[in-house]
Amino acid sequence: MKLKRVLLLSLSVIMFMFFVSFISFGNSYTPVSIKIFLNQKQLVFDVPPINIDNRILVPVGSILRSMGADVLWDSSKKLVTASKGDLTVIIPINSNTAVRNNTSVKLDVPAKIISGRTFVPFRFLSESLGAKVHYDSINKSIFITSEENSFSFKGLSLGSSLEEVSKVLGKPKRIDISEYDFKWYIYHDNYKNYVQVGIRNNIVVAIYSNNPLWVNENGINVGSSKKAVASSLTKPLDKILKGNIYYSLARFKDGEEYQVHQLDNSYLTIFYDLHRNHQVTALQIVDKSIEEKYRRHLNTSTELKKAYERQVFDLANALRVREGLQPFIWCDLASISAEKHSKDMAINKYFNHNSLEGISPFDRMKKEGITYRLAGENIAAGQQNAIFAHEGWLNSFTGHREAIMGRYQRLGVGVWFGDDKAEYNNYYTQNFYTPF
């Protein structure tokens, strides 16, 4: 099955390099200036795509052999045959029909040989060869994404277009910048079915959700056991190669809070609930090229700080609603109190609920004019973003989980980015309370 998928992906990106004497012109054509991306990486061709009858045809070609596929050109019958494993694809020239494993597949326009190159309608790549294809008419770009080992959420997966996302999820509640080269589109229905969709160039490049609406061939979902994950996926990573440097992943003292698995063209992070026998509590999938491009650096953006604050709030409410609890109400005063404490920890290089002057969370909230009958605080530092901070609190055995899922009614969140002299870059504080 895997060999079959490798071939399907291969066929969607290749430049076929046979030099043959036969050149068919049939319909008139015009070269088009268009960019083609495979899994977010731009492909470079020595001949441009063409337009025939308002259909974009792209060159297919040379990667087949590099991936171990056998390619044959039958000059007498004028057809290309590519085979690997149990899959055989036959592409006749000047025919509206291709054949895959003895099954006919219709083409919008026939395959053509022009100047020694074989061109195939790009829709054929999606409908017949198992790849997702999106044409961005505004930016004149074609995005081809492999669906190998794909994980989808409500039918959306890496490579889905923003237009598809809008049809399925509607208008986002908010659009946040991220530390990655994409923006998070935040969707929920009063915190039900919470999902963050990473969008770059109008294409889905990341998805996070803590709701059991994931679909994949392995049946992994929120609520699955760690044992089921281990039996379905390859061994989790302990490091990721980015450029020429290996970046180590987190190690845990009290049990693995999450594991990262490399799929063919993505990285899948599976978050576990240590309080529930390591059941899956959330999943995140990020495009491989996006993740490998990302390097941890000092965050300084005020916009990113606000994004993390709102996401920490949303994630807490998404968990509460999933567990049948009422969502928190946002409190600006509590947010101010929380931000001041995050800033103080960053500047003065400590990590504690009490300040170096001995001021407690309760003193800080009272100073902001908050009166309460119940109050509490969570702090975290060093986590990459709001998602990892939230999932870390969820797995705490020292009261953080209880605060998020407790009887508090209001919540304010404050984030601060430490400079290069701080112990950590990202500091997070949650201030909870219930008013009189």
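With which side chain does the side chain of Glu-377 make a polar contact of 2.9 Å? I found that the partner is the side chain of Asn-431, where a polar contact is a pair of N or O atoms within 3.5 Å, one able to donate a hydrogen and the other to accept it, with residues adjacent in sequence counting only if both atoms are side-chain atoms.

The model is predicted, so I kept in mind that local features need pLDDT of at least 70 and side-chain atom pairs pLDDT 80 or more, while totals for chains, interfaces and linings use all residues. Residues are numbered from 1 along each chain as its sequence is written, and side-chain values use heavy atoms, without hydrogens and water.

I then noted a polar contact of 2.8 Å between the side chains of Glu-377 and His-353. Glu-377 lies in strand E27 (residues 374-381), strands being DSSP runs of at least two E residues and helices of at least four H or I, numbered from the N terminus. Glu-377 has 11% relative accessibility and therefore counts as buried (under 20% relative accessible area, with a 1.4 Å probe and protein chains only).

Next I turned to the helices. The axes of H7 (residues 302-322) and H10 (residues 386-394) come within 9 Å and cross at roughly 40°, the axes being lines fitted to C-alpha atoms over the stretch in contact, with angles from 0 to 180 degrees between N-to-C directions.

Definitions and conventions: Buried < 20%, exposed > 50% of the residue type's maximum accessible area, 1.4 Å probe, protein only.
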